[in-house]
Amino acid sequence: MQPLTESFIRSSFVNASRRETKELSLPASFETLTDADWAELDFYGWRDPKYVRRAYAVLPTFGGDPVGVTFTQAEATPRSRAMCNWCQDVRLPNEVVFWAAKRAGEAGRKGSTVGILLCREFQCSRNVRNDPPPAYEGFDVARARAQRIDTLRLKVAGFADMLVAGR
């Protein structure tokens, strides 16, 4: 992931109004991300401290600059333990919830949304970097971890491209 600035983040949103992007709260930890290892982040996501069910993410795309996305958390939680669609970690120490995102452009203004099950606190980048359990003797854990990282990057970019396809 490329390093992000506050001005870039605010200008990158494809499914939010100007007023919404002006009012969005960056996380308190954002200042510390200037020194972050951006190679360890596949996307940048956070929850809004002012609005309980709102979150934001800046997602890389296949063909260009990253795009900002506004998410709304569903009021209901899954009845059974759900698996995150992006990191697909079966040993998750965190909660997975249903998020909805308006599509970009005219489709979003007409109310079209896309829903997805994701980690509640957007820990996917960290989850895929944990060593997977060895499936058998001689299992290449490093290769499996690299494959999980590549899969996460493809899923995130695919989701971002799907949202902006309606522009």
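**Salt bridges, sheet and cysteines**

Student: Which residue forms a salt bridge with arginine 153?

Tutor: Happy to start there, and keep in mind that this is a predicted model. Side chains of opposite charge can pair when their charged atoms come close. For arginine 153, the closest N and O atoms of the pair are 2.6 Å apart, and the cut-off for a salt bridge is 4 Å, so the pair counts. The partner is aspartate 42.

Student: How many residues apart in sequence are the parts that arginine 153 and aspartate 42 tie together?

Tutor: Look at where each one sits: arginine 153 is in helix α5, while aspartate 42 is in the loop between α2 and β1. Because of those positions, the pair ties together parts of the chain whose separation in sequence is 111 residues.

Student: What is the N to O distance in the salt bridge of arginine 120 and glutamate 95?

Tutor: These two also come from distant parts of the chain, with arginine 120 in the loop between β5 and α4 and glutamate 95 in the loop between β3 and β4. Arginine 120 is partly exposed at 25%, and glutamate 95 is partly exposed at 38%. Their side chains meet with an N to O distance of 3.9 Å.

Student: Which residues do salt bridges with shared partners join into one network?

Tutor: The whole structure holds 9 salt bridges. Some of them share partners, and these join four residues into one network: Glu40, Asp42, Arg129 and Arg153.

Student: Which strands stand at the edges of the open sheet?

Tutor: The sheet has 5 strands in the order β1-β2-β3-β4-β5, with antiparallel pairing. A strand at the edge has a single partner strand, so one side of it is left without a neighbour in the sheet. Neighbouring strands are turned by 30° against each other on average, direction ignored. The edge strands are β1 (44–47) and β5 (113–119).

Student: Which residue in β4 is the bridge partner of glutamine 73?

Tutor: Strand β3 covers residues 67–73 and strand β4 covers residues 96–102. The two pair in the antiparallel sense over 3 bridges. For glutamine 73, the partner in β4 is tryptophan 99.

Student: How many disulfides does a search of the whole structure find?

Tutor: Cysteine 84, buried at 1%, has its nearest cysteine sulfur, that of cysteine 124, 3.5 Å away. Cysteine 119, buried at 0%, has its nearest cysteine sulfur, that of cysteine 87, 3.7 Å away. Neither cysteine 84 nor cysteine 119 is in a disulfide, and the number found in the whole structure is 0.

Key:
Residues are numbered from 1 along each chain as its sequence is written. This is a predicted model: local features need pLDDT of at least 70, side-chain atom pairs count only at pLDDT 80 or more; totals for chains, interfaces and linings use all residues. Side-chain values use heavy atoms; hydrogens and water are left out. Two strands pair if DSSP finds at least two bridges between them. Helices (H or I, at least four residues) and strands (E, at least two) are DSSP runs, numbered from the N terminus. Axes are lines fitted to C-alpha atoms, for helices over the stretch in contact, and angles run from 0 to 180 degrees between N-to-C directions. Buried means under 20% relative accessible area, exposed over 50%, partly exposed in between (1.4 Å probe, protein chains only). A disulfide is a pair of cysteine sulfur atoms within 2.5 Å.
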